[in-house]
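Please read it alongside the sequence and the coordinates shown below.

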Amino acid sequence: MSRIGVFVCHCGSNIASGVHIDKVVEAAKLFPNVVYCEDNKYTCSEPGQFKIKAAIVEHRLDRVVVCTCSPRMHESTFRKMLKGTTINPYMLEVANLREQCSWVHTDKDKATDKAISLVRMAAAKVNENTSLFPSKIKVTKRALVIGGGIAGMQTALDIADAGHQVTLVEREPSIGGKMVMLDKTFPTMDCSACISTPKMVECSSHPNITIMTSSEVEKVDGYIGNFQAIIRQKARYVDHSLCKGCSDCMDACPVQARNNFDLGLGKRKAVYTLFPQAVPNKAVIEKKGASPCKFNCPAHLDAHGYMALTGVGRYEEALGVVRRTTPFAGVLGRVCFHPCEENCSRNKIDQPLAIATVKRFLADNARKSGKLGKIAVTAEPKDQKIAIIGSGPAGLNCAYMLALEGYKVTVFEALPKPGGMLKVGIPDYRLDKAVLAEEIKLIEDMGVEIKCNTRIGKDISFKALRGKGYKAFFIAIGAHTDSKLNVPGEDALGVVAGVDFLRESNLGNNPKPGKRVIVVGGGNVAMDAARTALRLGSDVTVLYRRSEAEMPANALEIDHAREEGVKFEFLAAPMEIISENGKLSGVKSIRNRLGEPDAKGRRSPVPIPGSEFILGVDTLIKAIGQKVVQEDLTAAGFTLYDRWGNIAANAETKTELADVFAGGDAQTGPATVIEAIAAGNKAAKAIMNYLEGTELPIEPYLMPEATVEADELKNVPRAARGRMPMIPIQDRRSTFKEAELGFDEKTAVAEALRCVNCAVCSECRACETACQSKAILREQEDELITQDFGAIVVTTGYELIDWAPLYGEYGGGRYPDVITGLQFERLVNASGPTEGHILRPSDQTEPKNVVIIKCVGSRDENKGKAYCSRACCMYGAKHAHQVLDKIPDSRCYVFYMDVRTAGKGYEEFYGRTREDGAMYLRGRVAKIYQEGGKLICKGEDSLLGKAVTVEADMVVLETAMVPSPGVVKLAGILGISTDPDKWLNEAHPKLRPVETNSAGIFLAGTCQGPKDIPDTVAQAGAAAAKVSALFSNDELETNPMISKVIDEKCSGCGLCVGCCPYTAISLQEIEERVGALRVKRLVASVNHALCQGCGACAGACRPGAIDLQGFSNRQLLEEVDALCL
Amino acid sequence: MEISLNTPAATLAEIGTIVDKAHVELHKCYQCGKCTAGCPMADSMDITPREVIRHLQLGLLAEVLRCEAVWVCASCHTCSARCPNEVDVAHLMEVLRQEAKKRNITPVPDVDKFARIFISNIRSFGKSHEVVLCASYNVWSGHLFQDVMTFPHLVMNKLVFFKPHVVKDKTAVRRIMDKALKGADKA
Amino acid sequence: MKYSYFPGCAMKGAGKAYDFSIKYVTKKIGMELLEIDDWNCCGATAAHSTSADLALGLNARTLALAEAQYPDLEIAVPCAACYSALRSALFSARSSKEKLAKIQDLIEMPYEGKNEVISFLETFSRPDAMKAITENVVKPLGGLKVACYYGCLTSRPAKIAGPDDVENPMQMDDIVALTGAISVDWAFKTECCGGAHHVSYQKGAVPLVDRILRNAQANGAEAIATACPLCCLNLDMRQGELNKKNGTDYNIPIYYFTELLAMSMGATPKEVGVEKHFFPALSLMEKYLVKGGSAV
């Protein structure tokens, strides 16, 4: 027989006013096993507790029911009390007569009935309680502080001073938080930096504090005293062990990025420190990935890089950036079909940057100023010899890359001049061959030998070359023969191949195509052939079997051809070549219509019966595709081709012969110059790997594409793409002079400055050159660090509400001179963008009339937040004071709803501001609009009862604080809760303001709710004290109210394992005797340290093999019975 | 003159029903005056929209029912759109107009006259008819020559029609109007 | 693109230019408008100021007719006042079964609140319409600086008026941009013009027009585009007066946005009644039609 004592609390009048205590007492006395019952004004008070202890002795009680407030509130109080008695602290039940009864019911009699039921249940339950004994776990005496603002710094310092280790994690590259952005602090007006920067230094120099900047908490496991945190150290691309914090890299960086620390009021470099007093004072690089221009370039040229350098007039460096990948800046600038431009983010707002033309400018400019120079080979000379077959873009670029590495390279060219298709394929009016020659000479000057008139298979063979000591071969012979039309009469005199025709013309053997020329085909070779024939005085018609939309030729080429007078016959295909005595006279063609799309999605032509027609012609140029010339190679003993007749090689340019590599048109079939260059570079890498036995990556280092969305660009000023000047149209028709003239310096720079810096860092690598201590780590990656902690303090702070989308009536962000309070702090701050001069962002003039509007986004449940943001009244007053103080004969109008100055010296400060001349107007501004350079603010002075208007030069919106971004995610990681506005919840608004409901996790500062600096610092101290108290024990008592498995009942189904949120349950093998023999089977087992006593498993367990101690199935059933029976 | 705030319960109840009709919770208003500040007609009002609310908060119904403000309101709804506390001021103004009409209080007679004419216009044609409308308004309101200068232009450009187009089923329209106006004041 | 059409009373009178231009444009872009047979007046401000039920009844009748005649068509409404009145009726019909029953009883007609009510800003903003407009613009109004004026009732009350931004709507701006005109950024897009007060309370109403014109002028507008006969009439009729009375120098012709569309599609100003405006609106158009025309 148990002996239960029931103690009913009045809680002053909290319970007594809603429940007839006496009735409860009378009823309780009659419950089974209740031997004693009394009531008490304040049971939790010292005398109250004493009476319980006394009763325990006097009535030999062995268990206790206390009928009082929520167990959340005082269960622990009474457990502590019982420690000093003969009763185990867990022989206690608390009946909640306050929160769940007296406070929520109005009918006292009904409330009393409910109270009695609650007590009856508690009594029934306590009757089944058993003594529980907590076990001990050791405490890791290291604290994790998340957020390096003033709250985080103060917490860290206080814990560290108490002699414990602290890791301070900050998302930004420097600690300091919002406070260092401020200029002065109310009400004392002492300089914010002067009082917060010393704290930053103290943190960094404190032996017990480890600062981790550019870091975020990724995952947290464990429990009070024993947390494991995984922290992501984001790549900074700078080795902070080497960085000296000098600004050489920043001086070298050509990129102008948005300065987030100045809230967009100023610019900073892509490599930067957050602000001059940053801690740590080390540079970081902001890299969002690879800019689309680079990412989509087959050779991954650092387009963003040389654009950025061109923008600041550093042309030689810019050219150097191009030459990291290829010496053909001038050539590519003219003939590249620039996938970079197709993918340029500016497409989303106006036109893409003219990237190719800027590259051309770099080369032309260098030539004009005689700065084309030589390309230095820094690598150690190596003695391996490499033979390259073909001197086209692929072959020469491969030679270039190998030469840069110090290899001995010989290039064999069948034709009398080097350059491959660049030389004999592309007409002079597109590419001035002097440019080509000079850029080839750059390669020769590096020691590369080019042997022309040397044809593989005829003059040389692989065998012979191997004999001469060549260790590797790169086949890049291009695709120099034409595909056949396969129509009768094709061999007639006057039918020529496009490639042959162009070669003749380009080698200066000026062919005579005659009056009427027909070009068959729709590709770029067709366009080149047509425009060449035109310049040779012919009347040219292009015959293409599909419509213009399907033409594979570059659109610009088609336009140019048309401008120059080339005619087009679309949807027409030749059927038969008509010739009189062997000499071509006409071509019989047929009209097509477009049929179903083919595999590539191109609609295939379908002949229209009976639509045949005949065109008279003197020369017919076939330009329907090129093929690889196989004869020579075969003769040279190379016979590996794919089914298209191209050389068989894999993506890494390797053929089946270990020492033979192949790339360019010869491998891929007809493609673009830039693709050939990419292939050449890959081959060079592959060959080096082969020769050195290394396995370096074949592709250049490339981050994921950094795409920019259109709405991120909506505030970028529109600017038209630079116009390409051309020679007069008559010259274009009659001469081979280069048609496009390229940009002058002014245009090129303007063009480069249109760049929106998609990836922020342009990867120009100027910083690498500038950095004396070689600290730049271009290819650095994020790092995950795992560490144990005993306690966690969250100090993630706030940000300002994004007011623009909410307040269209205030211009919705369209007026540059309507700024936020924090932006004003930067303006008035000596280290801010204006060095402390208050100037309008729009025109950098000093505003005379300044309007300050309070409660923007706060106290506005319609558009923003319902709550009062608490600090705004005071910093509003501060801003008014600063305006009046800094701007002579200025006026300041403050629109307010109420002025809330609860704080030491606050009301006096408000008084002084009015004394300074601030005009306080009680009312909310309804509209701000621009008229004649003024910002008109319409409000009501509600004290006057009249609508009022102020013409302002600048408006400062004192906007609401909201929790800093990502706090919800963090709360999820930590398993703590947030309120509807996403502020982190404290455990109790009055009694546990810096604790959360998860033991061992604490809060400080504005992550818990809007507050000012003094309150924040006070909370920080409090949180630190809590942590220190926790760390004062070496061991902690664990909660014994955890799950317990009854092995006999457990069927080992494992359902509980899955439903345990703390991964505390696992299946383990036990051995038991069944009759004579011993059998092994699996049963659930609970890790006492991990189990948090949530009871999910107990609910899930079908055989009822799991009991949550203190809430055993038995206890709960007794409760239910007590209520129902 | 001093105002007594010991408003009779009956009046408070009346106010209650009125604001309920407008779905307005008076206590939500903290008198910031954003409604007044944005009100295009505020200059012409005897008391500001904010003060209309304030009077009701204080239980001063009579003052509100006899003020011009609720009649000067142009129903542009700017106040309601911008109110930080979701007080539908415009709707309240409308309900107050209706209440005043019920009590035959029309402090700005012209506005009321126009409404009446407009409605009788609909009663007779089923569609509103600008000439009849303006002409009869000018007569009734005594502003005989208001906007007569515009008339020639209207005529020359055939912007007015003298043979009013009417709905076929006039009776239907009338029946609806009469039913609707039962309770409200007959136009 | 097919809608049942509620012209509203003004379209037969002062709003002729609006009527003509809508007809012209919809014809061009192949948008079909089927006028609701025997529709009645929406009652405007007068009705809902007098009695909520009156406004409800008048508009519910028209809606019920539309539902019966064109069960699966949305109802397109040119006049902002009618649009707002009809939509409020639609909203209360949809608010609850009881309300709907009350309405049916009031109008003694079957009505289910099925068909959506939309403005012409909406019909023309839809992708297919935008596309059709673009294709039909033959005489772009190259560079004409237009302030798009939406007025109250196309944007407020927000829940009645529909999707666009209350303070800075863009629908009309986007449509007008298709004509080659440039829509200026200004602050009075949705400020009230005074509405019916221009008849019954002039002294209070006229200053509103003044504010609107001032801000349009200050932001470099050469013309104002409207989407409501009453707004158009007020801005148009008062402009000359104001210049006389206050010595202002406003020279900002007022158009219906549909007039601009029509003319960019090759309509002659007379076809759409540009000369019918009080404030001379013809010469500016002619100037730009030449400019624009030659620019093609």
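Two residues are in contact when they have heavy atoms within 4.5 Å. The model is predicted, so that local features need pLDDT of at least 70 and side-chain atom pairs count only at pLDDT 80 or more, while totals for chains, interfaces and linings use all residues. Residues are numbered from 1 along each chain as its sequence is written, chains are lettered from A and ligands numbered from 1 in the order in which they are written, and side-chain values use heavy atoms, with hydrogens and water left out.

**Surroundings of Gln104(C)**

- Gln104(C) touches Met109(C), Tyr111(C) and Glu112(C), when residues up to four places away in sequence are not counted.
- Gln104(C) belongs to helix α5 of chain C; helices (H or I, at least four residues) and strands (E, at least two) are DSSP runs, numbered from the N terminus.
- With a relative accessible area of 25%, Gln104(C) is partly exposed; buried means under 20%, exposed over 50% and partly exposed in between, using a 1.4 Å probe and protein chains only.
- The C-alpha atoms of Gln104(C) and Arg61(C) lie 9.1 Å apart in space, and the two residues are 43 apart in sequence.

**Interface of chain C and chain B**

- Contact joins 57 residues of chain C to 53 residues of chain B.
- About 4600 Å² is buried between chain C and chain B, with 62% given by carbon and sulfur atoms; buried area is the accessible area (1.4 Å probe) that two parts lose on being put together, summed over both.
- Thr50(C), Val199(C) and Tyr201(C) supply 12% of the area that chain C buries against chain B, more than any other three residues.
- Five salt bridges are found across the interface of chain C and chain B, a salt bridge being a side-chain nitrogen of Lys or Arg within 4 Å of a carboxyl oxygen of Asp or Glu.
- Glu167(C) pairs with Arg82(B) in a salt bridge whose closest N and O atoms are 2.7 Å apart.
- Polar contact links 18 residue pairs across the interface of chain C and chain B, both residues at pLDDT 80 or more.
- A polar contact is a pair of N or O atoms within 3.5 Å; within protein, one must be able to donate a hydrogen and the other to accept it, and residues adjacent in sequence count only if both atoms are side-chain atoms.
- The elements of chain C that give two or more residues to the side touching chain B are α2 (44-50), α3 (52-69), α5 (97-107), α10 (197-200), α11 (202-218) and α12 (229-246).
- Among these elements, α2(C) gives the most, with seven residues.
- The side of chain C that touches chain B divides into 25 nonpolar, 16 polar and 16 charged residues; Ala, Val, Leu, Ile, Met, Phe, Trp, Tyr, Cys and Pro count as nonpolar, Asp, Glu, Lys and Arg as charged, and the others, Gly among them, as polar.

**Interface of chain A and chain C**

- Ten residues from chain A and twelve residues from chain C take part in the contact.
- The area buried between chain A and chain C is about 890 Å², 43% of it on carbon and sulfur atoms.
- On the side of chain A, Arg814(A), Lys927(A) and Glu931(A) lose the most area to chain C, together 57% of what that side buries.
- Three salt bridges are found across the interface of chain A and chain C.
- Lys927(A) and Glu191(C) form a salt bridge at 3.2 Å, N to O.
- Strand β40 (residues 927-931) of chain A gives four residues, the largest share of the side of chain A that touches chain C.
- The residues of that side divide into two nonpolar, three polar and five charged.

**Chain B**

- Chain B has eleven helices and zero strands.
- The C-alpha atoms of chain B fill a box of roughly 55 × 35 × 30 Å along the principal axes.
- Of the 187 residues of chain B, 57% count as buried.

**Salt bridges in chain A**

- Over all chains, the count comes to 110 salt bridges.
- Arg79(A) and Glu75(A) meet in a salt bridge at 3.6 Å, N to O.
- Both residues, Arg79(A) and Glu75(A), lie in helix α3 (residues 71-83) of chain A, four residues apart, about one turn of the helix.
- Arg79(A) is buried, with a relative accessible area of 12%, whereas Glu75(A) is partly exposed at 22%.
- Arg430(A), Asp528(A), Arg531(A), Arg535(A), Glu557(A), Glu563(A), Glu564(A) and Arg732(A) are linked in a network of salt bridges.
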